[in-house]
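Please read it with the sequence and the model side by side.

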Amino acid sequence: MWDSAMSPSLPPPVGRQKEVLVLPPQGHAVVLGTAGSGKTTLAIHRALYLAHPDTDHHGRTLLVTFNRCLVSHLRALARPISSMVVVENYHRFARGYLSHRGKMRPYCICGPDLQRQLCQRAVTEATTGDAPPAVLSRPIDLLVQEFDWLAQHGIKTEAEYVEGERIGRAGTRIVRGDRPAVFGVYQRYLELRRARGKSYDWQDLSHTVLDEFGVDDGERKYRHVVIDEGQDFSPMMLRSLAAAIPPDGSLTLFGDMAQQIYGNRMSWRSAGLSVKDVWEFEENYRNTRQVAQLALAMAEMPNFTDDADLVEPKSPTADGPLPALVSFDTEEKEAHFVVQQAVRLSKTGTVAVLFRDREQEKAWNSLLPDRATRLHGELDRWPTSPTGIFHGTYHSAKGLEFDAVILPRMSQARLPHPPDVTALGQQEAAARDSRLLYVAVTRSKSTLILTHSGDPTGLLPTGTDLYKRTSR
């Protein structure tokens, strides 16, 4: 059953989407799709369908995502939304539940800066002896990410860590012989964190959520959970969401493994979901053929690592201009051009100027018009105008779409991100930024402009038929 009144602002389901919409309202379901295949739209439809009061399976439904900025967009898309559907990001859900259970004191979460400081202190303490393990001399950012991986997978003992399979490139993987030393430092980090009054960090918050659901015999707040951008959720987050529903409830995960950009590569399969069949969406309804061809060429490059759950997209039929790759002598000339194009394109549609990280974006705040909308986690209300300028990081644009996208600073000197190259090595940094760039490119519905000064980044494919190249 699908009722257009559920969300009149959304396009109705088409093709296989109609089948996925009405999947059984009990148990677990996984839907994987390529960029632009309508996963977010269908996630909203699915949530409204599960909550619909005229059905036998109706119940309060949580529509949850990872990106806080995307929450505002989902709420706008689903307007008017049923009072039986709650739209939140995972960490808001987790903090709310732990507060309800009396497990959330003020300021008890360790932020990234303090986490890195405490990890560095734990490493320093462990390397004061005569012969410290060589693994502890590796960049601190690599070790912090290893600690995050331990938390994301619920690793609680040294034996689990030593015996576990660790996905990653050889240059960043911690070999089994080094894991006892790393685990000891991780345990010391946890001790230092507790001494500072921090019960959790953002990666292991889900541990306590799962533990609490294990002893919570009360009625569940949600009968159904629908996860958008599910590839960004750690296995522990997914386990905690699976525990949040009653036996007659459902969990539906929508994701695209090609867009997995947070932390280390993980699979939803390690979350222990009970899934009979995996549904795949291959049709791209967002991008023009030209934008999709560039994205596909990027995904076929060596830096873009293989994943068994990647969905091969079908090239869309909608036609548009070739992506523009524009070269400049200086970054100042590049910036002037980007702002000029953003203003021009915003007169007839939405345009997003996207950056690799927040530091890059900050440098452009004074250059872009004051009326431009910044994409960030505190964006409470999504602009409804069909025109306008947006700006933010690749991360903040996750799950969003715009008529035009401009990607400045596509130079070899800036991509892969130099700090990541130092911490992780060239190969791993390139692999991570390749996925980030894939996300940024596929935000464009039609017009895509990439600019650089100096040599272009090696993360872009070199095919002459993929771009319109110009120099200014």
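1. Helices (H or I, at least four residues) and strands (E, at least two) are DSSP runs, numbered from the N terminus. With those labels, R409 is placed in the loop between β13 and α14. The model is a predicted one, and that should be kept in mind for every value below.

2. On the overall fold, the protein chain contains 15 helices and 15 strands. Its radius of gyration is 23 Å, close to the 23 Å that the globule rule gives for 472 residues, so the chain is as compact as a globular protein of that length. The C-alpha trace spans about 65 × 55 × 40 Å along its principal axes. Of the 472 residues, 57% are buried, and among contacts with a separation of 6 or more, 80% are between residues 24 or more positions apart.

3. Helix α3, residues 68-77, is mostly covered, since seven of its 10 residues count as buried, that is, under 20% relative accessible area. The buried residues are C69, L70, V71, S72, H73, L74 and A76, and what covers them includes α2 (39-51), β2 (61-65) and β3 (85-89).

4. The loop between β13 (402-407) and α14 (418-424) holds H417, and P416 has its place in the loop between β13 and α14 as well. A cis peptide bond, with omega about 0°, joins L415 and P416, and R409 has a positive phi of about 65° although it is not a glycine. Most residues other than glycine have a negative phi, and most peptide bonds are trans. R409 is buried, with a relative accessible area of 10%, and H417 also counts as buried, at 17%. Leaving aside neighbours within four places in sequence, H417 is in contact with R356, D357 and D433, whereas the C-alpha atoms of H417 and K347, 70 residues apart along the chain, are separated by 33 Å.

5. A positive phi, near 55°, is also found at E229, which is not a glycine. E229 lies in the loop between β6 (224-227) and α10 (235-243) and is buried, with a relative accessible area of 6%.

6. Y285 belongs to the loop between β8 (278-281) and α11 (289-299), and with a relative accessible area of 48% it is partly exposed. Not counting residues up to four places away in sequence, Y285 touches V14, Q17, G36, S37 and G38. For Y285 and G38, a sequence separation of 247 residues goes with a C-alpha to C-alpha distance of 6.8 Å.

7. C108 is in no disulfide, the nearest cysteine sulfur being that of C110, 11 Å away. For C119, the closest cysteine sulfur is also in C110, and the distance of 7.8 Å is too far for a bond. Both cysteines are buried, C108 with a relative accessible area of 2% and C119 with one of 0%.

How values were computed. Residues numbered from 1 in each chain as written. Predicted model: local features only at pLDDT ≥ 70, side-chain atom pairs only at ≥ 80, totals over all residues. Heavy atoms only, no water. Rg over C-alpha atoms; globule rule 2.2 N^0.38 Å. Buried < 20%, exposed > 50% of the residue type's maximum accessible area, 1.4 Å probe, protein only. Contact = heavy atoms within 4.5 Å. Disulfide = S-S within 2.5 Å.
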